[in-house]
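Me: Hey, can we go through this structure together? I have a few quick questions.

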Amino acid sequence: MLDAGALDTLFRHARTHDGWLDRPVSDEQLHQIYELMKMGPTSANSCPARIVFVRSRQAKERLRPALSEGNLEKTMAAPVTAIIGFDLKFYDRLPDLFPHNPEARSWFADDPKSAELAAFRNGTLQGAYFILAARAVGLDCGPMSGFDNAKVDAEFFQETYVKSNFLCNLGYGDSNRLFPRGPRLGFEEVCVVL
């Protein structure tokens with residue numbers, strides 16, 4: 001089992017940040033996040049997540065029109081904003097990613113509804129792995145909805161089969177700007193053991 005410090009970093013002391021210190025996030029850190037994230041399980045090893053790291057001022061300006069008013073300031077101030085997307089044609093990579101079953105591509109290629117559901121579900125799982133990986137390499141996260149998916153898709157995923165899922169600001173959070181931690185539901189409120 002991970003030690004208490006690791007569990008604190010990943011879960012117990014980790015917070016959703018809205019304010020950011022003026023400290024850059026390196027390319028090396030972005031690579032480290034991906035190298036950890038990619039190891040998380042997805043069904044049929046489908047790996048549908050696609051990520052755009054929005055870091056430059058010019059790229060942030062491209063993102064600006066899609067942001068809700070409540071997410072504008074914190075996103076523009078974050079060192080990096082990751083657009084976590086999912087590839088609707090992820091199945092084209094299944095011959096490489098799931099080689100022990102040559103039929104895997106056919107499970108989705110002729111069934112767009114199943115493909116979209118699998119892409120969204122597994123891409124969302126990978127988005128959660130992304131958050132844990134970012135925390136593991138020492139960064140803070142600010143995952144969020146509150147943006148216009150169609151605008152993001154038109155600006156960043158035009159002429160692809162990728163759709164945006166959520167945004168995640170990355171950097172070193174300003175703990176002075178944190179809200180008190182919100183309550184969580186107890187085991188008995190959520191879980192049933194049969």
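Me: Leaving aside its neighbours within four places in sequence, which residues is lysine 60 in contact with?
Reply: Keep in mind that this is a predicted model. Setting those sequence neighbours aside, lysine 60 touches Val54, Arg55, Thr75, Met76, Ala78, Pro79, Val80 and Thr81.

Me: And where does lysine 60 lie?
Reply: In helix H3, which covers residues 57-63.

Me: Is lysine 60 buried or exposed?
Reply: Lysine 60 is buried, and it has no salt bridge. The nearest side chain of opposite charge belongs to glutamate 61, 9.2 Å away. A salt bridge would need the two charged groups within 4 Å.

Me: OK, new topic. Which residues of helix H1 are buried?
Reply: In H1, residues 4-12, those are Leu7, Asp8 and Leu10.

Me: What do they pack against?
Reply: The buried residues of H1 pack against helix H7, residues 112-136.

Me: What happens at the start of H1?
Reply: There, a side-chain oxygen of aspartate 3 comes to within 3.1 Å of the backbone nitrogen of glycine 5.

Me: Now the loops. What about the phi of alanine 44?
Reply: Alanine 44 has a positive phi of about 55°, although it is not a glycine. You'll find alanine 44 in the loop between helix H2 (27-37) and strand E1 (49-54).

Me: Why does alanine 44 count as buried?
Reply: Because its relative accessibility is 17%, and the cut-off for buried is under 20%.

Me: And glutamate 159, what is its phi?
Reply: Positive, about 60°, and glutamate 159 is not a glycine either. Glutamate 159 sits in the loop between helix H8 (149-156) and strand E4 (162-171). Glutamate 159 is exposed, with a relative accessible area of 80%.

Notes. Residues are numbered from 1 along each chain as its sequence is written. This is a predicted model: local features need pLDDT of at least 70, side-chain atom pairs count only at pLDDT 80 or more; totals for chains, interfaces and linings use all residues. Side-chain values use heavy atoms; hydrogens and water are left out. Helices (H or I, at least four residues) and strands (E, at least two) are DSSP runs, numbered from the N terminus. Buried means under 20% relative accessible area, exposed over 50%, partly exposed in between (1.4 Å probe, protein chains only). Lys and Arg count as positive and Asp and Glu as negative; His and the chain ends are not counted. Contact means heavy atoms within 4.5 Å. A polar contact is a pair of N or O atoms within 3.5 Å; within protein, one must be able to donate a hydrogen and the other to accept it, and residues adjacent in sequence count only if both atoms are side-chain atoms.
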